[in-house]
Amino acid sequence: LTEQILTPQLTITGLTLAALFGAVHGLTPGHGKTIATAYLVGSNSTSLQALMLSAIVTLTHTLGIFLLGLVVLFASHYLLPEQLYYILSLLSGLTISVIGFWRLESYFNPQPHEHHHLDESADKSLIGIGIAGGLIPCSEALILLLGAIALHREIYGLELVAAFSLGLGVTLAIIGLTAVYCRQWLNRLTLFKGATAYLPLISAVAISIVGLLLTTEAMV
């Protein structure tokens with residue numbers, strides 16, 4: 001294929017569409033959104049932590065796509081993209097499982113000194129959830145990158161992936177903030193005060209199950 005001429009209008013249109021596709025993709029069912037929502041609801045997170053989580057997922061997702069693209073370009077003779085995808089999936093599943101089991105253990109065996117380090121430990125697990133949730137790149141973003149590479153527009157392909165991830169990140173931020181505000185709203189309602197006490201347990205179980213599913217899928 002010959003190198004394609006990209007006008008400013010065509011470039012902006014492509015980036016806008018990529019961002020919209022990313023935003024719509026954020027609304028579809030997926031493991032990353034499940035664990036992010038479960039974490040935010042069960043950990044009594046703040047709005048700032050919800051934004052941090054969406055940013056970490058977005059950054060990790062972008063880097064994962066770039067890594068796969070580099071494999072396709074330079075290392076396809078040594079490491080197939082499917083092999084890298086398997087490695088990323090396995091790492092993601094194992095990380096999520098460990099965090100889920102750790103939260104289960106903390107729920108059933110709370111330590112007397114835990115409240116002194118609650119914010120610090122929450123930020124450490126938040127980073128782990130964010131990285132694990134964004135570690136598995138989605139096929140739609142990879143197609144954008146590979147399509148641009150086929151047209152000899154590698155830099156534009158990276159820009160499309162960045163725009164896609166930005167749209168995804170905005171949607172994840174909205175979902176995360178909604179989850180935080182719903183948790184805070186439920187905490188203020190007398191009717192649900194008893195039920196909200198079990199949200200950390202439900203969150204830990206959900207995260208553990210998703211982690212085990214991801215690990216199993218990667219291994220079969």
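The model is predicted, and the chain has 220 residues, of which 41% count as buried. Its secondary structure consists of 9 helices and 0 strands.

**Overall fold**
- Read from the N terminus, the elements of the protein chain follow the order α-α-α-α-α-α-α-α-α.
- Among the contacts in the protein chain with a separation of 6 or more, 84% are made by residues 24 or more positions apart.
- The protein chain exposes about 12,100 Å², and 74% of this area is supplied by carbon and sulfur atoms.

**Helix α1**
- Helix α1 covers residues 8–25, and its 18 residues should span 26 Å at 1.5 Å a residue, which agrees with the 26 Å that separates its end C-alpha atoms.
- The buried residues of α1 are Thr 11, Gly 14, Ala 18, Gly 22 and His 25.
- These buried residues lie within an arc of 70° when α1 is viewed down its axis, and therefore they line one face of the helix.
- On the face of α1 turned away from that buried side sit the exposed residues Pro 8, Gln 9, Ile 12 and Val 24.

**Aromatic pair**
- The count of aromatic pairs comes to 1.
- The pair is formed by Tyr 107 and Phe 108, whose ring centres are 5.2 Å apart and whose planes stand at 90°, so the arrangement is edge-to-face.
- Tyr 107 counts as partly exposed, with a relative accessibility of 29%, whereas Phe 108 is exposed, with a relative accessible area of 54%.

Technical notes. Residues are numbered from 1 along each chain as its sequence is written. This is a predicted model: local features need pLDDT of at least 70, side-chain atom pairs count only at pLDDT 80 or more; totals for chains, interfaces and linings use all residues. Side-chain values use heavy atoms; hydrogens and water are left out. Rings of Phe, Tyr and Trp (its six-membered ring) pair if their centres lie within 6.5 Å; planes under 30 degrees apart count as stacked, over 60 as edge-to-face and the rest as tilted. Buried means under 20% relative accessible area, exposed over 50%, partly exposed in between (1.4 Å probe, protein chains only). Helices (H or I, at least four residues) and strands (E, at least two) are DSSP runs, numbered from the N terminus. The expected span of a helix is 1.5 Å times one less than its number of residues. The arc is that of the directions from the helix axis to the C-beta atoms. Contact means heavy atoms within 4.5 Å. Accessible areas come from the Shrake-Rupley method with a 1.4 Å probe; for residues, only the protein chains shown count as cover.
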